[in-house]
Amino acid sequence: MCSTFSLAAKTYIGESNGNFRHRKSTVTATRAEVITAPKQRSRPVFPDLSIQGIPIADLHVQEIVQRQSQTYSTDREGGRRKPQFCPSFLEEAYDRCRNICAEYAKTFYLGTLLMTEERQKAIWAIYVWCRRTDELVDGPNSVYMSSEVLDRWEERLQDIFEGRPYDMLDAALTHTVFSFPLDIKPFRDMIEGMRMDTRKCRYQNFQELYLYCYYVAGTVGLMSVPVMGIAPDSLISAQSTYDAALNLGIGNQLTNILRDVGEDAMRGRVYLPQDELAQFGLGDNDVFSRKVTNQWREFMKEQITRARFYFNLAEEGASQLDKASRWPVWSSLLIYRNILDAIEDNDYDNLTKRAYVRRAKKLLMLPLAYSRSLSTRS
C-alpha cells in the first residue's frame with residue numbers, strides 16, 4: 001500500500017497549514033465552583049484526534065539524511081565501483097521502467113518529463129521497485145506471500161545495492177543507486193512495512209498507524225529527495241526538506257486509507273485507529289456494516305483534517321526541491337488533496353463508494369501544479 005507515487009492500480013509487473021479544531025467548553029472559575037457552559041444537544045462534542053506520530057529520532061531519519069547528503073563519488077564502501085552494463089541493455093531496462101510508470105502512474109509520469117534525463121530514469125526505477133515490493137503483498141500472487149518471500153526480497157535488495165541485480169528491472173535500480181547517494185535503509189523499511197501488512201490488520205492508535213504509513217509511504221519520500229535534488233537557493237535546511245517529503249508520504253498514505261476503507265473492510269482489514277473509533281462510539285462492526293451514520297461522518301471529518309495537516313507540512317519542502325523536479329511532487333500533493341475533497345463530496349461515504357479524481361480534472365490540475373512549482377515559497 002505504498003503511496004507517494006500513486007500505486008492505486010494493482011496490476012502485476014511481470015519480470016521474475018491545516019490546523020485542528022480545538023473544541024473547548026467555556027469555563028468560569030470561582031473559589032467554590034466551576035460553571036461550564038451547556039453543550040448544544042444538536043451537535044455532540046467529539047474529541048480532537050492526535051497528530052503526533054513517531055519521533056523522527058526513533059525512525060533514524062536524521063542518519064538517513066546525513067548519509068544521503070554526503071559528497072558522492074563512483075567509489076562506494078569497500079572500494080567497490082559502479083558496475084558496468086551494456087549501454088543497450090541499460091537503455092532497455094530504463095525504457096521498461098518508464099513504460100510501467102507511464103501506464104500505472106500517468107499523472108506522476110507526466111510531471112517527471114520536466115526533470116533531467118538522469119533524474120527521470122532514476123525516479124522511474126525507484127517507482128518500479130516500490131511497485132513490485134507492494135505487489136508482493138497486494139498483487140495477484142499475494143496468496144503465496146510468506147516471511148520467507150520477503151526475506152528473499154530483502155536479500156535481493158542487498159544484491160542490488162552491491163551491484164548484483166537479478167533481472168533487468170533490478171539492473172535499472174542498481175545503476176540508480178550507484179549514480180545517486182541513496183541509502184538502503186528506506187528500502188529496507190518499506191519491506192518491513194510489507195511484513196507488517198502480513199501480520200497486522202488492526203492498529204490500536206495513531207502512533208501504530210503512523211509507523212505503518214512511514215514504512216510503506218514515508219520511505220518513498222526519503223528515497224526520492226537525493227534524486228530530485230534540493231534547490232541551491234533553498235530557504236530551509238536539508239533535514240526540513242526530507243521531513244516535508246516524509247510528511248507528503250504520510251499524507252498520501254492516510255488518504256489512501258480513507259479512500260479504501262470499504263475495500264479494505266471486505267478483506268477483513270481496518271486501517272483506522274481503534275482507540276479513535278471508540279472515542280466516536282464506533283468499532284469494527286460499524287465499518288463492516290457499511291452504514292454511514294452521523295458519528296461516522298464526524299469521525300471522517302477529523303481523519304480528513306489530519307491528512308490535510310500532513311499535506312500542509314509537505315508544501316514547504318515541495319517548493320525547495322530542484323526546480324525541474326517540483327512539478328511531479330506538486331501534482332501528487334494537489335491530486336491527493338482532491339481525493340479528500342471527493343470523500344467529502346460523497347457525504348463521507350467511503351464504506352460503499354470509492355472517492356477518486358477524474359482524469360480530466362487531474363489534467364486540469366497539472367497547470368496549477370506547474371505554477372506552484374515555479375516558486376520557492378509554498
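Visitor: In which helix is Tyr-94 found, and is Tyr-94 buried or exposed?
Guide: Helices are DSSP runs of H or I with at least four residues, and strands are runs of E with at least two, numbered from the N terminus. Tyr-94 is found in helix α3, which covers residues 87-104. Burial is read from relative accessible area, with under 20% counting as buried, over 50% as exposed and the range in between as partly exposed (1.4 Å probe, protein chains only). Because its relative accessible area is 5%, Tyr-94 is buried. Please keep in mind that this is a predicted model, in which local features need pLDDT of at least 70 and side-chain atom pairs count only at pLDDT 80 or more, while totals for chains, interfaces and linings use all residues. Residues are numbered from 1 along each chain as its sequence is written, and side-chain values use heavy atoms, with hydrogens and water left out.

Visitor: Which residues is Tyr-94 in contact with, leaving aside its neighbours within four places in sequence?
Guide: Contact here means heavy atoms within 4.5 Å. On that basis Tyr-94 is in contact with Lys-121, Ala-122, Trp-124, Ala-125, Ala-172, His-175 and Thr-176.

Visitor: How should I read the packing of α5 with α8, and at what angle do their axes cross?
Guide: Axes are lines fitted to C-alpha atoms, for helices over the stretch in contact, and angles run from 0 to 180 degrees between N-to-C directions. Angles under 35 degrees count as roughly parallel, over 145 as roughly antiparallel, 65 to 115 as roughly perpendicular, and the rest as oblique. The axes of α5 (residues 117-138) and α8 (residues 185-199) come within 9 Å and cross at roughly 20°, and the two helices are therefore roughly parallel to each other. The contact is made by Trp-129, Cys-130, Thr-133, Asp-134 and Val-137 of α5, together with Phe-187, Met-190, Ile-191, Met-194, Asp-197 and Thr-198 of α8. By class (Ala, Val, Leu, Ile, Met, Phe, Trp, Tyr, Cys and Pro count as nonpolar, Asp, Glu, Lys and Arg as charged, and the others, Gly among them, as polar), this contact has 7 nonpolar, 2 polar and 2 charged residues.

Visitor: How do α5 and α9 pack, and at what angle?
Guide: Their axes are 9 Å apart, at an angle of about 165°, and α5 and α9 are therefore roughly antiparallel to each other. From α5 the contact takes Arg-119, Ala-122, Ile-123, Ile-126, Trp-129 and Cys-130, and from α9 it takes Val-220, Met-223, Ser-224, Val-227 and Met-228. These residues divide into 9 nonpolar, 1 polar and 1 charged.

Visitor: How many aromatic pairs does the structure hold?
Guide: Rings of Phe, Tyr and Trp (its six-membered ring) pair if their centres lie within 6.5 Å, and planes under 30 degrees apart count as stacked, over 60 as edge-to-face and the rest as tilted. The structure holds 16 such pairs. One of them, formed by Tyr-210 and Tyr-310, is tilted, with 6.1 Å from centre to centre and 45° between the planes. Tyr-210 lies in helix α9 (residues 206-228) and Tyr-310 in helix α14 (residues 294-318), so the pair ties together parts that are 100 residues apart in sequence. Tyr-210 counts as buried at 4% relative accessibility, and Tyr-310 counts as buried at 3%. The rings of Phe-280 and Phe-299 have centres 5.5 Å apart and planes at 70°, so this pair is edge-to-face. Ring pairs also link Trp-129, Trp-153, Phe-161 and Phe-187 into a cluster.

Visitor: What does Ile-250 touch, not counting residues up to four places away in sequence?
Guide: Ile-250, which is found in helix α10 (residues 238-259), touches Tyr-210, Cys-213, Tyr-214 and Tyr-310. Ile-250 is buried, with a relative accessible area of 0%.

Visitor: Where is the place of Arg-290, and what is its phi?
Guide: Arg-290 is in the loop between α13 and α14, and its phi is near 60°, a positive value in a residue other than glycine. At 33% relative accessibility, Arg-290 counts as partly exposed. Tyr-348 also has a positive phi, near 65°, and its place is in the loop between α15 (326-345) and α16 (359-373). Tyr-348 is buried, with a relative accessible area of 12%.
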